[in-house]
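Trainee: Could we go through this model together, from the whole chain down to single residues?
Mentor: Gladly; here it is.

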Amino acid sequence: AVVLGLWAHLSYPEHLLEKAALGANTDFPVAIYLQHFNIGYFIYDSIHVCIWERKWIPHHVIALAGFCTSDYSNVFALANAVNVWITEIGSMMYNAYLLVKGRNTYIAFVALYTVTRVAFFGWSLIVLQQVYRALMDPAPKWYASWCPYCAASLQVLLFAVNVNFLLVH
């Protein structure tokens, strides 16, 4: 997921600051591929989460809502791709800590996780700025009127889940 997210990010750099949130998914085929991969993964992993690790249910619900509403509405795939690579680097660091538990690996995990969440905060501000500009623009939109609200809500919720995890550590 990290590799696919970075691939999508690097494939469309000219669109990141202007239409990652509300550009047509069909303009970003690599992001669509990643999104379908993630929908499958999160559906599969939700079974494990519901049985063994219920604390991750909100994260999975938000992620699936984001991927599925994006797929349905044909917007937000590129923003999701950036979300994925930034957030999944944190997951990789957490799994590395779980593999080699120790004080130093924990400190390294928390420090690096904090850096990725600061980057995620910056990215979230870019997404929210794109949504705000779209809402303030009186021109007719090609996407459904609920899309900007959905994009902003899910971005904020995803950020909140990540901040909560950071605060736990």
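Mentor: Two notes on conventions before we start. This is a predicted model, in which local features need pLDDT of at least 70 and side-chain atom pairs count only at pLDDT 80 or more, while totals for chains, interfaces and linings use all residues. Residues are numbered from 1 along each chain as its sequence is written, and side-chain values use heavy atoms, leaving out hydrogens and water.

Trainee: Which pattern does the chain follow along the sequence?
Mentor: Helices (H or I, at least four residues) and strands (E, at least two) are DSSP runs, numbered from the N terminus. The chain has 7 helices and 0 strands. Read along the sequence, the pattern is α-α-α-α-α-α-α.

Trainee: What is the radius of gyration of the chain?
Mentor: It is taken over C-alpha atoms, and the globule rule is 2.2 Å times the number of residues to the power 0.38. For 169 residues that rule gives 15 Å, and the chain is close to this, so it is as compact as a globular protein of that length; its radius of gyration is 16 Å.

Trainee: What percentage of the residues of the chain count as buried?
Mentor: Buried means under 20% relative accessible area, exposed over 50%, and partly exposed in between (1.4 Å probe, protein chains only). Of the 169 residues, the buried share is 44%.

Trainee: Among contacts between residues at least 6 apart in sequence, what percentage join residues at least 24 apart?
Mentor: A contact means heavy atoms within 4.5 Å. Among contacts in the chain between residues at least 6 apart, the share joining residues at least 24 apart is 75%.

Trainee: How many Å does helix 6 reach from its first C-alpha to its last?
Mentor: The expected span of a helix is 1.5 Å times one less than its number of residues. Helix 6 has 34 residues, with 50 Å expected, and its reach is close to that, at 49 Å.

Trainee: How far apart are the end C-alpha atoms of helix 4?
Mentor: Helix 4 (residues 57–73) has 17 residues, which at 1.5 Å a residue should span 24 Å. The end-to-end distance agrees, at 24 Å.

Trainee: Which helices are among those covering the buried residues of helix 4?
Mentor: The buried set includes His-59, His-60, Leu-64 and Phe-67. Its cover includes helix 3 (29–52), helix 5 and helix 7.

Trainee: Is Phe-76 buried or exposed?
Mentor: Phe-76 is found in the loop between helix 4 and helix 5, and has a positive phi near 85 degrees although other than glycine. Asn-74, in the loop between helix 4 and helix 5, also has a positive phi, of about 65 degrees, and is partly exposed at 22%. With a relative accessible area of 5%, Phe-76 is buried.
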